[in-house]
Amino acid sequence: MARPRVAYACTECGARQGRWVGRCPDCGAWNSLEEVVEAPAPRARRTVGYAGEAAQVRSLAEVRPEGDTARLATGLGELDRVLGGGLVPGSVVLLGGDPGVGKSTLLLQALAHLGREAPVLYVTGEESLRQVALRAQRLGLGEAPLRLLAETQVEAVLEHATREAPRVMAIDSIQTLHTEALASAPGSVGQVRESAARLVRHAKATGTALFLVGHVTKEGSLAGPRVLEHMVDTVLYFEGDTGSRFRVVRAVKNRFGAVNELGVFAMTDAGLREVSNPSALFLQRHERQVPGSVVLVTREGTRPLLVEVQALVAPSHLGNPRRVAVGLEVQRLGMLLAVLQRHAGVSLHDQDVFLNVVGGVRVEETAADLAVLLAVLSSLRDRPLPRELAVFGEVGLAGEIRPVPGGPERLREAAKHGFRQAVVPRANAPRSGGAAGLAVRPVRRLEEALAAAFEEA
Ligand code: TYD
Ligand code: MG
């Protein structure tokens with residue numbers, strides 16, 4: 001028998017090296033290489049196509065796409081939304097997240113619903129069948145038509161899957177699986193990747209929809225889901241602050257829907273409950289309007305979301321005043337403060353600036369620029385902005401207010417939540433009037449925007 005070849009794989013990026021080095025030459029991570037045993041290269045085989053059949057060249061018009069009617073509903077509207085409108089048969093969905101965030105709970109709830117329409121199989125490598133049954137009972141799903149399997153060896157899982165022929169299968173979690181083809185320990189890069197590859201092949205060949213649970217740790221010390229991202233169709237991250245009961249599922253890759261789509265849940269004692277109106281959740285209005293607070297209409301995926309941006313500006317005793325941003329990019333804050341100085345004559349060189357997006361939301365779009373500057377100025381002047389004001393817009397280096405995508409939806413969302421005024425980029429303002437009950441003030445320059453926002457304060 002040939003000796004298995006030994007290689008070294010990076011736990012950060014998955015790249016392979018022939019010998020151990022302290023720093024991964026591909027991604028630059030330190031101390032991230034670990035030993036993996038590579039399976040001997042397989043013999044040349046008959047060419048096999050994507051779905052297991054011999055590959056053939058076809059013309060596009062001949063190939064029938066699966067219509068949207070083929071999608072399966074998970075019973076959780078927010079999960080269906082991030083999946084792009086339900087689960088696509090034969091697709092592979094990676095569900096990543098910190099331990100304890102609620103991945104098993106979410107899957108159990110989804111599978112229990114899917115099980116009513118089609119055979120489903122839940123494979124657990126972390127918990128015993130009794131633990132799963134206990135959780136199902138707590139969730140009120142004790143009678144759900146769900147098939148369970150406690151198994152950690154991929155070959156055995158596939159054997160059962162072939163016999164059971166489920167339409168939906170969940171693996172909880174991919175890090176606990178191992179294949180006998182490799183000698184390395186479960187959880188190592190090689191094992192995770194090879195186990196996943198076998199499962200993905202099975203899913204594509206049989207049209208089974210597959211959920212893979214993957215733990216991510218802050219340090220990325222486990223062979224994380226990152227090495228799997230390119231192998232799957234959809235990558236969902238399940239996030240939530242410890243201590244908060246709200247959970248957010250975010251699509252970071254989706255071959256069957258929009259990315260950055262967001263689903264919001266609340267963890268209750270009866271499992272995860274959907275939150276279908278997240279604006280109301282992230283926006284807790286103050287009794288009285290306070291300085292330094294501005295409501296921003298941001299966008300998560302295709303959905304507009306109202307969030308509160310807060311700033312605190314205080315005299316600095318440091319030679320290098322502090323710039324702190326939570327939920328926003330700090331470099332962008334620095335840039336915006338420079339624009340404020342140049343185009344509005346407001347200098348903050350002797351002030352510390354702290355910025356926060358309330359509710360732990362991360363805002364990555366430039367549409368937050370105007371809200372940031374208004375919050376900063378409101379805090380500096382100790383003057384509250386009007387209570388019914390919502391804003392959005394990008395601020396350019398020349399002091400111009402630039403349009404952002406999704407203007408009409410943002411305005412509608414603001415109107416829906418009772419906002420009466422909006423300061424927005426001119427190109428985003430509707431031609432006629434505005435949304436119901438919302439007075440829209442189109443602005444082109446930063447000076448105009450500041451005047452419009454503070455005028456009625
Ligand atoms: P779990 O789904 O086991 O997390 P993961 O699979 O991502 O590791 O969820 C664990 C947490 O959820 C745990 O702290 C308890 C909490 N939880 C509830 O609050 N209510 C419930 O009904 C359930 C089942 C769990
Ligand atoms: Mg779990």
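Biologist: Let's start with the whole chain. How many helices and strands are there in the protein chain?
Modeller: Keep in mind that this is a predicted model. The protein chain has 457 residues, and buried ones make up 50% of them. As for the helices and strands in the protein chain, the count is ten helices and 21 strands.

Biologist: On to the ligand. Which element gives the most residues to the shell around ligand 1?
Modeller: There are 16 residues around ligand 1, and Gly100, Lys103, Ser104, Thr105 and Arg135 come nearest. Three elements each supply at least two residues of that shell: α2 (103-114), α3 (129-138) and β11 (262-268). The one that gives the most, with three residues, is α2.

Biologist: Which residue has a side-chain N or O atom 2.6 Å from an oxygen atom of ligand 1?
Modeller: Lys103 uses a backbone N or O atom, 2.8 Å from an oxygen atom of ligand 1. Arg138 does use a polar side-chain atom, but at 3.4 Å from a ligand oxygen. The side chain with an N or O atom at 2.6 Å belongs to Thr105.

Biologist: And how much of the accessible area of ligand 1 does the protein cover?
Modeller: On its own, ligand 1 has 560 Å² of accessible area.

Biologist: Why does the pair of Phe238 and Phe265 count the way it does, and what is it called?
Modeller: The count for the chain comes to one aromatic pair. The ring centres of Phe238 and Phe265 are 6.4 Å apart, and their planes meet at 75°. Planes over 60 degrees apart fall in one named class, so this pair is edge-to-face.

Biologist: How far apart in sequence are the parts that this pair ties together?
Modeller: Both Phe238 and Phe265 are buried. Phe238 sits in strand β9 (residues 234-239) and Phe265 in strand β11, so the parts tied together are apart in sequence by 27 residues.

Biologist: Is Thr124 buried or exposed?
Modeller: Thr124 lies in strand β5 (residues 120-124). Apart from neighbours within four places in sequence, Thr124 is in contact with several residues, including Leu129, Leu149 and Asp172. Its relative accessible area is 1%, and the cut-off is under 20%, so Thr124 is buried.

Biologist: What separates the C-alpha atoms of Gln351 and Ser316?
Modeller: Gln351 lies in strand β16 (residues 351-357) and is buried, with a relative accessible area of 14%. Ser316 is one of the residues in contact with Gln351. The two are 35 residues apart along the chain, yet their C-alpha atoms are separated by 4.7 Å.

Biologist: Last one: in which strand does Leu389 lie?
Modeller: Leu389 counts as buried, at 3% relative accessibility. Leu389 touches Phe419 and Val423, among others. The strand, made of residues 389-391, is β17.

Methods. Residues numbered from 1 in each chain as written. Chains lettered and ligands numbered in written order. Predicted model: local features only at pLDDT ≥ 70, side-chain atom pairs only at ≥ 80, totals over all residues. Heavy atoms only, no water. Helix = DSSP H or I, 4+ residues; strand = E, 2+ residues; numbered from the N terminus. Buried < 20%, exposed > 50% of the residue type's maximum accessible area, 1.4 Å probe, protein only. Contact = heavy atoms within 4.5 Å. Near = heavy atom within 4 Å. Polar contact = N/O pair within 3.5 Å; in protein donor to acceptor, adjacent residues only side chain to side chain. Areas by Shrake-Rupley, 256 points an atom, 1.4 Å probe, with all protein chains shown as cover. Phe/Tyr/Trp six-rings, centres within 6.5 Å; stacked < 30°, edge-to-face > 60°.
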